[in-house]
Amino acid sequence: MTGLLGPAEIRELAARLGVTPTKRLGQNFVHDPNTVRRIVTAAGLAPDDVALEVGPGLGSLTLALLPVAAHVHAVELDPTLAGALPDTVARHAEPHAARLTMHHADALRIRAAELADPPPTALVANLPYNVAVPVVLNLLAELPSLRHGLVMVQKEVADRLVAGPGSKVYGVPSVKLAWYASARAAGKVPPNVFWPVPNVDSGLVAFARREPPRVDVPRQRVFAVVDAAFAQRRKTLRAALAGWAGGADRAAAALVAAGVDPGARGESLTVEQFAAIAASAPAAPPAAQ
């Protein structure tokens, strides 16, 4: 790969654009070419993969994705950065510039129709820390074409996303991601490869799409059970799901019907067990994303 951005190029480009990284948008720009190469390699893109990058920022990762992907959709909320990226690509990766489609949009609200030409197959992104989990879950829900991905997030968030039942950090993000995909930790990234330098480590999470655990119960219904189960982690499921089920006795009946101990707690359950609980309850709870 050639034409990648180093620390000097990142700062020069930011100065030329009048860009100052903001905490509000969770902006921490990668300025280390080796880290960018490592991310692209770990993503395992095939020549026909269509990459979706959220928060491309100044273009570090975009420039590394363009030579190896069939196409790259870049979704950027910051209007200045969205406007500048095509020019950066033209300057540093001119032979591959036609592979880029720039979207000035919010990844939490973007729809499949906006990304249909061609539809993305792989999510590869350095995600803003403050919206990483909802972005991943929204894109997996909205884009059935996404087959796999690799995202860089805060290490603490990465640990939660890949945690299994029984882990202290197993919770809502772990279960909801497991509904869509199998996930694994793919490495740690130190703070000094970013500008500005964050005060935390980052982690890489790789995922591969799989079929939902059940097709006879809506995802929203399962996710409502998950949300209720973890809203008060110390409560037993019989108590935690009382509001969702319409009473503790109804919650206990649904749990027993699903083969789950009413005295258990949410952190001990698999996504398959949460789906079984949702399927066993007679009344549909409120939708949850």
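Guide: Domain bounds here come from an automatic or database domain assignment, and in this predicted model that assignment gives domain 1 as residues 7-209 and domain 2 as residues 219-280. A UniProt record, from an unreviewed entry, places the feature "domain: Ribosomal RNA adenine methylase transferase N-terminal" at residues 35-211; this span is 32% helix and 27% strand, and its end C-alpha atoms lie 32 Å apart.

Turning to the boundary itself, the C-alpha centres of domain 1 and domain 2 are 33 Å apart, and 13 residues of domain 1 are in contact with 15 residues of domain 2. The size of an interface is often given as the accessible area lost when the parts come together. Between domain 1 and domain 2 the buried area is about 1,100 Å², with carbon and sulfur atoms giving 70% of that area. On the domain 1 side, Y170, K176 and W179 together supply 46% of the area that this domain buries against domain 2, more than any other three residues.

Of these residues, K176 also takes part in a charged pairing. Side chains of opposite charge can pair when their charged atoms come close. K176 forms a salt bridge with D227, the closest N and O atoms being 3.0 Å apart, and across the interface of the two domains the rule finds 1 salt bridge, whereas a search of the whole structure finds 11.

For comparison, another of the salt bridges can be followed elsewhere in the model. E12 pairs with R16, the closest N and O atoms being 3.3 Å apart, and both residues lie in helix α1 (residues 7-17), 4 residues apart, about one turn of the helix.

A cis peptide bond joins W195 and P196, with omega about -10°, and P196 is found in the loop between β8 (194-195) and β9 (202-209). A cis peptide bond likewise joins D117 and P118, with omega about -10°, and P118 lies in the loop between β4 (100-104) and β5 (122-126).

Terms used
Residues numbered from 1 in each chain as written. Predicted model: local features only at pLDDT ≥ 70, side-chain atom pairs only at ≥ 80, totals over all residues. Heavy atoms only, no water. UniProt positions renumbered as here; feature names shortened; annotations may be inferred. Helix = DSSP H or I, 4+ residues; strand = E, 2+ residues; numbered from the N terminus. Contact = heavy atoms within 4.5 Å. Buried area = accessible area lost by both parts, 1.4 Å probe. Salt bridge = Lys/Arg side-chain N within 4 Å of Asp/Glu carboxyl O.
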